[in-house]
Amino acid sequence: MRFDASGGDVQKEYIMLNIKRHFLPYWFIGPSLLFLVLIVVYPLGFSLYYSFQIWNLQISAVPLGPAGLTNYINAINDPTFVQAFINTIKLSVSVTAIEFIFGLGIALLLNENLKGVNIIRAILIMPTTVAPMVAGFLFRYLYYPDGLISFFLSSMKIPLPQEGILGNAATALWGIAFTDIWEWTPFFAIILLAGLKSIPAEIIEAAQVDGATFFRTFWHLMLPNLKFVSLIILMIRFMQVFNLFDIIYAETMGGPGTSTRTLSYNLYYRGLVEYNIGYASAIAWIMIIIIAVIINIFIIFSFRGKEL
Amino acid sequence: MSLRKVRLSSVKYTRKVLQIIVVSLLGVLLLASLSAYAQKVTLNVLGVQDPWFFALEEVIPEFEKMTGIKVNLEGLAWDALQARLTTSFITKEKGIDVISVDDCRLAQFAENTWIIPLTSYIERDKQSVKMNEFVPEVIYSSCTWRGDIYTLPVATYSQFVMYRTDLLQKAGLQFPPTEPADWWTWDKYMEYVKKIDQLGDDIYGTVIVGAQPVPIVHMYTGLEVNKGVRWFKHFPEAPWDFTPTVNTEKSINTLKYYKELYKYSPPESINYLWFDAGTAFAKKNIGIYYWWSPYGYLIRHAGYMVEEPSPIVGKFGVALMPYEPGEPRIYSLGAHGLGIPQYSANKEEAWKFIMWATSKETQKAMALTHLHAFNDFAREPLFQDPELIKYYPWLPTQLYTVKQANGKVSRPHMALYPSLEGFYGLQLNLALAGHKTPEQAMADAQSQFELILKQNYYLPYKGLSYDDTLDKTIALIKKLSP
């Protein structure tokens, strides 16, 4: 603090400067925060409010009054709810795990600086650029008994259901899973490759000089260094697959029967076909609660002792 | 200040003022011309991308030339269209002037006053509209709600049978009839299917649509209405009683029949959407099937709305649906009608467009566009036009099916239809896939119908019933005819 004859002015100036410094970050993040509130908080609040209201556009253009917990009870008592929940969890866990394993394998290969790796990387990312709905329609016809995928599998003597992969309850969900795996494994590969590239080369070289095998290097050096990136991407991708809808819509519409019906498909049907806004809002909030619980448990166990 | 300086500054001032006046005048002129340009009306028309949409798209320049009204025609897939429309209704969007209304949504749109009745417009312009040309069954089934006309039909779909002439000949079977015949029953149809199926490994007797929740209902209800199955105790005649009647012996037997048809279909048809069945008939060796009438012309093409002909051109015929002895001959009917949203700012222009698009002349022009992929008429003279019969030889058969149709019975157009249809389709698909017996499926359909109807105050129904009969529609049409 500078002392001079006009000590009071200096103090005022100092206080103003501190205030500006304190609030300046908020001025910068303010617009983004406002945007976030508008596109996230407001719709969440809107749907939470209407999940406790009777509002079915099939019978009334306006809400008919409070419903209490009726929408939630009806959503859980829906004959398709249990199967939809099981399918959602099955899909989320298996697809995320498979995409991670394959993505990591591809990342390790790309990390080897093989010839033509840049071209391979460019080709690899292409499936991720295809809109999921387009991928869904593409694979729908590839899975037909006379489609390309069925042809390849048959020529490898793999028995296929006569209804086609998507027409049989035992294989339909895997058909959907494969479409998603085809599309998003490159995403895992690219992110994990970036993670691998960030590991200091000296550590790996030192291990190799010390005679460590590839497996030991991978297990003791690479994987621990990839842990943080891996957990983040697993978490994000799990949430995305939990909400998967477009591929299901394009390929099976939740059938045959309820074998590929998921919570998000139920939400779509109640909200955008039946226009039962109250009911659909309740389903949305049930999904939010389920995924929030799962993700929080995941974070607690995965990031114990570490700040996110 | 010297006099010279005063004069100079005065000139500068005047120049400045003059500049301001000129610029202001130019600005006003510009605004006026922009405003005049903006006043030229543009109609925003939203429709589903069925064949009628593409045919209409080709002939719209005629309307624009005739009226000076610009038309912005936008097509969407069915689901996307419903979502867009519903959002626009809730937000009271003024920017949509004409919409295509699927008849199964008419009750919901009308009850919520999202679209306006057209009855008064028709009465005022009866000389141009010529209601007497419309087949009354179409107006009744697809355009009216509680005694008012809300839409005029731009595309009307009935159902008929399509068959492969070469496969039937190979099987030694008589071609099915194009006029009512007592021998053409559903039992006979099944005989045909089985006999054709035996012709070879790569030959299927028939093809069905199995995808849930909606596509299977469209095909199944065409069968069940013929077999005397009804969804409710008393509808659409008053008093309305929505007690479900889907768990009956007739209903269970119908589902068993449909399952039997599936045995002679390509196995993957359990997942077939609407167009898949038509594509399969056009490309595989399938003997006989029944479906919506647009497939009469769609199967002539190798793909949806493409020029390339399919392999079966010249090798198929069209016939009437079979009937069930002891039951009335009733066929399913669906339609897209053009209506005016409540919040449109251009209702008069919208009405002009609807009159034009549904007129005899425009519908004929749509049928004669280069693809010849539209004959979904609702005006009777068009079914009898020799120029059109040349391209669509099954028009007389189609007219019969339209006149025997009752869309309000085959797929009851009440406000909760979408919810009921979704659950019904799921049960049908579960039965088809073998996950439930027909008895279980129908029992579950019945109990879920009851639950949905009770939850939404339809059971018991406490609203106002309307005695919705064909005779009333005929009387209304007479009143609105020139």
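## Domains of chain A

In chain A, the centres of domain 1 and domain 2, taken over C-alpha atoms, are separated by 41 Å. Keep in mind as you look around that this is a predicted model. Domain 1 of chain A covers residues 7-50, and domain 2 of chain A covers residues 81-260.

## Chain B as a whole

Now turn to chain B, which has 482 residues, 50% of them counted as buried. Its C-alpha trace spans about 115 × 55 × 45 Å along the principal axes.

How do contacts in chain B link residues at least 6 apart in sequence? Among these contacts, 79% join residues at least 24 apart.

## Two domains in chain B

The domain assignment of chain B also gives two domains, and here they are built from several stretches of the chain. Domain 1 of chain B takes in 42-157, 334-407 and 468-479, while domain 2 of chain B takes in 159-330 and 417-455. Their centres, taken over C-alpha atoms, are separated by 26 Å.

Where these domains touch, 20 residues of domain 1 of chain B are in contact with 21 residues of domain 2 of chain B. On the domain 1 side, helix H2 (51-67) and helix H18 (395-403) of chain B are the elements that give two or more residues. H18(B) supplies the largest share of that side, with four residues. By type, the residues on this side of domain 1 of chain B are nine nonpolar, nine polar and two charged.

## The nonpolar cores

The largest nonpolar core has 154 residues. B:Val161, B:Met162 and B:Ala277 are the residues with the most contacts inside it. Helix H20 (residues 417-432) of chain B gives the most to this core, namely nine residues. Why does the core lie between domain 1 and domain 2 of chain B? It does so because both domains give residues to it.

Take a closer look at B:Val161. Leaving out residues up to four places away in sequence, B:Val161 touches B:Pro176, B:Ile288, B:Tyr290, B:Val318, B:Ala319, B:Leu320 and B:Met321. There is also a second, separate core of 54 residues, with A:Ile54, A:Trp184, A:Ala189 and A:Leu226 among them.

## A three-stranded sheet

Chain B has an open sheet of three strands in the order S12-S7-S13, with antiparallel pairing. Strand S12 (288-292) and strand S13 (316-319) of chain B are at the edges, and each has a single partner strand, so one side of each is left without a neighbour in the sheet. On average, neighbouring strands of this sheet are turned by 30 degrees against each other, direction ignored. As background, strands of a sheet pair through backbone hydrogen bonds, either parallel or antiparallel.

Strand S7 (residues 159-164) of chain B is joined to S13(B) by four bridges, and the two strands run antiparallel. To see one facing pair, find B:Tyr163, which stands opposite B:Gly317 in S13(B).

## Where the two chains meet

How many residues of chain B are in contact with chain A? There are 26, and they are in contact with 25 residues of chain A. On the chain B side, helix H3 (78-90), H20 and helix H21 (438-455) each supply at least two residues.

Which helix of chain B gives the most to this side? H20(B) does, with five residues. By type, the residues of chain B that touch chain A divide into 12 nonpolar, 12 polar and two charged.

Note on methods: Residues numbered from 1 in each chain as written. Chains lettered and ligands numbered in written order. Predicted model: local features only at pLDDT ≥ 70, side-chain atom pairs only at ≥ 80, totals over all residues. Core = buried A, V, L, I, M, F, W, Y, C linked by C-beta atoms within 7 Å. Buried ≥ 20, exposed ≤ 12 C-beta atoms within 10 Å, placed from the backbone. Domains from an automatic or database assignment. Contact = placed C-beta atoms within 7 Å. Pairing = 2+ DSSP bridges. Axes fitted to C-alpha atoms, helices over the stretch in contact; angles between N-to-C directions. Nonpolar A, V, L, I, M, F, W, Y, C, P; charged D, E, K, R; others polar.
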